[in-house]
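Reader: I am new to this structure and would like to take a careful look at a single part of it. Could you walk me through the charged side chains, one step at a time?

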Amino acid sequence: MAVEVCVKAAVGAPDSLGDYLLAGPFSQRVLLTLEEKKVTYEMKLIDLSNKPEWFLKISPEGKVPVFNGGDGKWIADSDVITQVIEEKFPTPSLVTPPEYASVGSKIFPSFVKFLKSKDASDGSEKALLDELQALDEHLKAHGPYINGENVSAADLSLGPKLFHLQIALEHFKGWKIPENLTSVHAYTQALFSRESFVKTKPTKEHLIAGWAPKVNA
Ligand SMILES: N[C@@H](CCC(=O)N[C@@H](CS)C(=O)NCC(=O)O)C(=O)O
């Protein structure tokens, strides 16, 4: 049986198929892991606003991504999925050493808080800046990737989140990552231009359409 992965389809285009309709940083993380390991897989796009019956059977919580390593056993949660992929397809190793595994992990929740914030004095911008600054310092000391010369699991988790951050904050708030965070800029450029990333990233339009209802809620 084939390796299969169900991922989030872009808002407004659930019926068409194609890589360009992918959305969702957790889904992209799983695809990036498979791409970097050159695993062949089948991708199924799920319209989260109209979940098919067969999907709810394999993902009772109704969440994507879900993954099946070819044995028909469906697994949820990108943390667990990427671990299982690493065990099943160990080459090339994408293991991030435990001491670096959580680098950048607070950036996504800080970004979402700032994106949704309607009160400029609530500290959410500062909280995000602090997290980005910490990443910049880590990369300056240990970069260019989180674990040095080679890309690893922590980068494949953080990269899609930074991509969403960059596009959504610029669009909805006219906000950009400060230029003085030079290592973060070099890092995003290196990650976003990887073949795996180019192949699996959402379009700008779909990414913005995905966040719009959350920002305007
Ligand atoms: N912790 C999970 C998060 C997955 C998640 O939150 N998925 C969202 C989409 S990005 C989802 O499927 N939500 C269900 C829905 O919107 O109905 C992971 O890392 O895989």
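Reader: Which side chain of opposite charge is the nearest to Asp 155, and how many Å away is it?

Author: The model is a predicted one, and in it the nearest side chain of opposite charge to Asp 155 is that of Arg 194, 7.7 Å away. A salt bridge needs a side-chain nitrogen of Lys or Arg within 4 Å of a carboxyl oxygen of Asp or Glu, and Asp 155, although buried, has no salt bridge. Asp 155 is found in helix 6, which runs over residues 153-173, and its side chain makes a polar contact, at 2.7 Å, with the side chain of Tyr 187. Leaving aside residues up to four places away in sequence, Asp 155 touches Tyr 187 and Leu 191 as well as Tyr 145, Ile 146, Asn 150 and Pro 160.

Arg 194, for its part, forms a salt bridge with Glu 36, where the closest N and O atoms are 2.8 Å apart. This pair links distant parts of the chain, since Glu 36 belongs to helix 1 while Arg 194 sits in the loop between helix 7 (182-192) and helix 8 (195-200), 158 residues apart. Glu 36 counts as buried because its relative accessibility is 14%, whereas Arg 194, at 25% relative accessibility, counts as partly exposed.

The salt bridges of this model come to eight by the rule applied here, and two others can be set beside that pair. Asp 136 forms a salt bridge with Lys 140, with the closest N and O atoms 2.6 Å apart, and both of these residues lie in helix 5, four residues apart, which is about one turn of the helix. An α-helix has 3.6 residues a turn, so residues three or four places apart point the same way. Asp 136 is buried, its relative accessible area being 3%. Glu 170, in turn, forms a salt bridge with Lys 176, and here the closest N and O atoms are 3.7 Å apart. Glu 170 counts as partly exposed at 40% relative accessibility, while Lys 176 is exposed, with a relative accessible area of 58%.

Helix 4 itself, residues 107-116, is mostly covered, with seven of its 10 residues buried, among them Phe 108, Phe 111 and Phe 114.

Terms used:
Residues numbered from 1 in each chain as written. Predicted model: local features only at pLDDT ≥ 70, side-chain atom pairs only at ≥ 80, totals over all residues. Heavy atoms only, no water. Helix = DSSP H or I, 4+ residues; strand = E, 2+ residues; numbered from the N terminus. Buried < 20%, exposed > 50% of the residue type's maximum accessible area, 1.4 Å probe, protein only. Lys, Arg positive; Asp, Glu negative; His and termini not counted. Polar contact = N/O pair within 3.5 Å; in protein donor to acceptor, adjacent residues only side chain to side chain. Contact = heavy atoms within 4.5 Å.
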